[in-house]
Amino acid sequence: MPVEITWWGHATCTIEDSGIRLLTDPLFARRLAHLRRRRGAPPPAEARQADLVLVSHLHADHLHVPSLAGLAPGTRLLVPRGAPRAVPALRRLRQLRITEVGVGDEISVGPLVVRAVPARHDGRRLPVGPHRSPALGYVVEGAARTYFAGDTGLFDEMAEAVGPVDVALLPVGGWGPYLGEGHLDAGRAARALARLAPRSAVPVHYGTYWPIGMDGVRPHEFHAPGDEFVRLAAEYAPRVAVHKLGHGESVRLEVAR
């Protein structure tokens, strides 16, 4: 049975598996604080349709309250445990069904099981939020096992914590000229791919948002990560099929289990 992945830009993806539609870290804004969308139109209305929405951590480019407010009433939303307390605006989204989860928790939606897995990333609501909600990744198990990493650094126990997967959606860049701790660049993402050993991978979290007024500062960090990941993945994990998507593009993956 095919699994379809659509990349809308940044960390926002639609995963369609077994008739269920999931949406990751929805961000539909043209501008967010000092960031503006430099590539790809904002996702169309159809991108907001989901049976389940996965939020990996509390940073505003991953937990974007205005984007969540545009979801259909009754949509179920998974957030890291403690998120409603750390982000009070979440509590005003009464039209959504919000479920708090932590590492190891499993949630069923139709024939799918979604498991929260650890990430190595500062998950607080910046700039001043307390350390109450750890960053998460998610593994969606259905016709395929699809890993959405959210934001994470490379860590020794990654393969064991995530488990066997068929598809990996990996961040390969960011929204500024420098990546801090707890991020994957193209090289670290390629090494993560070698550890995870999925059948297929899709690079995300690059080439979408950039700080206003910084177009000339290390522009390769905006433009290059996708191609660099493809090149390095062929070196570190040559058996993995890498699908570099444009904004709004989809790939259908046949998964034999």
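Which residues does tyrosine 147 touch, not counting residues up to four places away in sequence?

## Tyrosine 147 and the cores

In this predicted model, local features need pLDDT of at least 70, side-chain atom pairs count only at pLDDT 80 or more, and totals for chains, interfaces and linings use all residues. Residues are numbered from 1 along each chain as its sequence is written, and side-chain values use heavy atoms, with hydrogens and water left out.

With contact meaning heavy atoms within 4.5 Å, tyrosine 147 touches Val117, Tyr138, Val139, Thr152, Met158, Val162, Val165, Val167, Ala168, Leu169, Leu170 and Leu196. Tyr147 is also among the residues with the most contacts inside the largest nonpolar core, which has 56 residues. Such a core is a set of buried Ala, Val, Leu, Ile, Met, Phe, Trp, Tyr and Cys residues joined through side-chain atoms within 4.5 Å, where buried means under 20% relative accessible area (1.4 Å probe, protein chains only). Helix H4 (residues 186–196) gives the largest share of this core, 6 residues. Another core, of 20 residues, lies apart from it and includes Leu23, Val55, Leu77 and Ala83.

## Helix H4

Helices (H or I, at least four residues) and strands (E, at least two) are DSSP runs, numbered from the N terminus. At the start of H4, the backbone nitrogen of glycine 187 lies within 3.2 Å of a side-chain oxygen of aspartate 185, while alanine 197, with a positive phi near 50°, follows the helix. The buried residues of H4, including Leu193 and Leu196, pack against several elements, among them strand S12 (145–148), helix H3 (158–162) and helix H6 (225–236).

How values were computed:
Buried < 20%, exposed > 50% of the residue type's maximum accessible area, 1.4 Å probe, protein only. Polar contact = N/O pair within 3.5 Å; in protein donor to acceptor, adjacent residues only side chain to side chain.
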